Amino acid sequence: MAHFDWERQVMFGKRLERRKLMAVGALALLGACSVIPKSGPVDRAPPPAPTPPPTDLPTDTERHRVALLVPLSGANAAVGQSLANAATMAVLDTNAQNLRVTTYDTSANPGEAARRAVSDGNKLILGPLLSSDIPAVVAAARPADVPLISFSNDETASARDVFIMGNLPGQSVARTIDYAIGTGVRAFGALVPRGEYGQRASDALMASVRAGGGSVVAMEAYDRSNTSIVSAAKRLAEKGGYGGVLIADGGSLAARAAPQLKPAGEAGPRILGTELWSGEKDVAASPALRGAWFAAVSDQNFARFTKSYRSRFGAQPYRIATLGYDAVLLSLRVAKSWKPGTVFPVRSLLDPGGFLGLDGPFRFSRDGKIERAFEVREVTAGGTTVVSPAPAKFGR
């Protein structure tokens with residue numbers, strides 16, 4: 001998926017349920033936070049209903065200023081609003097008072113949104129959502145020493161001051177391949193979509209297979225359409241010779257291709273998927289995908305998060321919304337050793353022990369790429385079951 005400054009204090013506590021998310025309790029004891037949405041109300045999502053931003057912010061020298069840059073209008077408004085709502089939840093759940101989160105709409109002009117954020121005194125930017133917006137935001141933020149923690153999953157956009165927080169597809173593929181090799185699979189085939197995502201998945205497949213002493217014996221590329229992937233699957237099936245086959249796409253297209261690779265009643269080959277399968281109904285509904293393996297971040301806390309989100313905003317959150325929540329928790333964690341009004345201490349993001357969020361432990365490399373802990377799931381008739389849990393923490 002390359003793939004929101006609130007001027008008023010957000011007081012959703014008016015008889016709203018203040019549920020604490022136990023899984024992140026250790027990070028939550030960090031003080032409280034005011035959220036100041038500039039681009040419109042966040043009490044309902046989706047759709048958003050942005051209002052014209054005020055021209056000035058009140059002076060605030062006692063709290064950390066953090067900007068949230070997400071789309072609040074246009075094609076990605078619903079996703080942006082979901083991220084903004086999740087950030088508000090984190091503010092309320094932690095009940096902190098040393099952080100001011102201000103939201104800016106990037107849909108029309110991400111560079112201008114970033115310039116306003118810097119001009120308003122924000123020292124950290126959470127966002128943007130789209131990797132295509134990152135260059136314009138960086139151009140405005142870097143001269144002021146304001147780093148970014150982007151919600152994109154495009155690792156090529158990372159830098160010393162641009163941290164990529166989205167789930168990287170290559171890491172998911174690598175985790176799945178490593179698990180498959182550990183169970184005895186040595187020869188692999190693959191269906192890979194043309195484009196950037198497919199290239200990342202392909203690179204991860206080749207590297208992981210080589211490291212594990214296996215081989216990729218066949219690979220077919222396709223356009224992201226039903227007819228194209230089915231045709232590619234037929235060509236791959238004719239080649240054969242593999243014990244595992246990666247379908248590097250979402251559940252809907254994978255369900256189309258799987259019957260061509262694993263006819264009814266046959267035991268093999270083992271179908272392998274990606275993090276895109278997580279939460280997709282088409283995966284569990286496809287008999288041909290039964291027994292398939294894929295890696296994703298843990299959903300252990302997502303059900304509780306969803307319940308709390310719906311009680312506050314009356315809508316279902318996008319799966320990516322947890323990134324908005326965790327980004328605020330991360331800001332609060334750093335705020336313990338960050339003096340208000342000063343440059344954001346980027347080195348604090350490089351703790352080798354990482355951080356804990358709703359999606360489990362994560363950490364950043366020096367070049368801004370995220371590393372996440374993935375679990376491996378097996379598709380069953382009723383959904384999925386975890387066959388290899390995600391590690392609870394990173395070693396130092």
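Start by selecting β12 and strand β13 (residues 360-364): the two pair in the antiparallel sense over three bridges. The model on screen is a predicted one.

**The sheet**

Zoom in on Leu 356 and look across to β13, where Pro 361 stands opposite. Three strands form an open sheet here, in the order β12-β13-β14, with antiparallel pairing. β12 and β14 are the edge strands, as each pairs on one side only. Turn the view to follow the twist, which averages 35° from one strand to the next.

Next, select α11 (321-335). This helix lies across β12, β13 and β14, and runs at about 145° to β12.

**Leu 349**

Is Leu 349 buried or exposed? Its relative accessibility is 1%, so Leu 349 counts as buried; the cut-off for buried is under 20%.

Which residues does Leu 349 touch, not counting residues up to four places away in sequence? Show these side chains: Ile 149, Phe 163, Leu 330, Val 334, Phe 344, Phe 355 and Phe 364. Pick out Phe 364 from that list. Leu 349 and Phe 364 are 15 residues apart in sequence, and their C-alpha atoms are 6.5 Å apart in space.

**Helix α5**

Select residues 169-182, which make up helix α5. The helix has 14 residues and, at 1.5 Å a residue, should span 20 Å.

Colour the buried residues of α5: Pro 169, Gly 170, Ser 172, Val 173, Ala 174, Thr 176, Ile 177, Ala 180 and Ile 181. What covers them? The cover includes the helix α6 (196-211) and the strands β7 (187-193), β9 (244-247), β10 (270-272) and β11 (293-296).

Following α5, stop at Gly 184, where phi is positive, near 110°.

**Thr 106**

For the last stop, select Thr 106, in the loop between β3 (97-105) and α3 (110-119). With a relative accessibility of 2%, Thr 106 counts as buried. Show its contacts, leaving aside neighbours within four places in sequence: Leu 69, Val 70, Pro 71, Ala 113 and Asp 133.

Definitions and conventions. Residues numbered from 1 in each chain as written. Predicted model: local features only at pLDDT ≥ 70, side-chain atom pairs only at ≥ 80, totals over all residues. Heavy atoms only, no water. Helix = DSSP H or I, 4+ residues; strand = E, 2+ residues; numbered from the N terminus. Expected span 1.5 Å × (residues − 1). Buried < 20%, exposed > 50% of the residue type's maximum accessible area, 1.4 Å probe, protein only. Contact = heavy atoms within 4.5 Å. Pairing = 2+ DSSP bridges. Axes fitted to C-alpha atoms, helices over the stretch in contact; angles between N-to-C directions.
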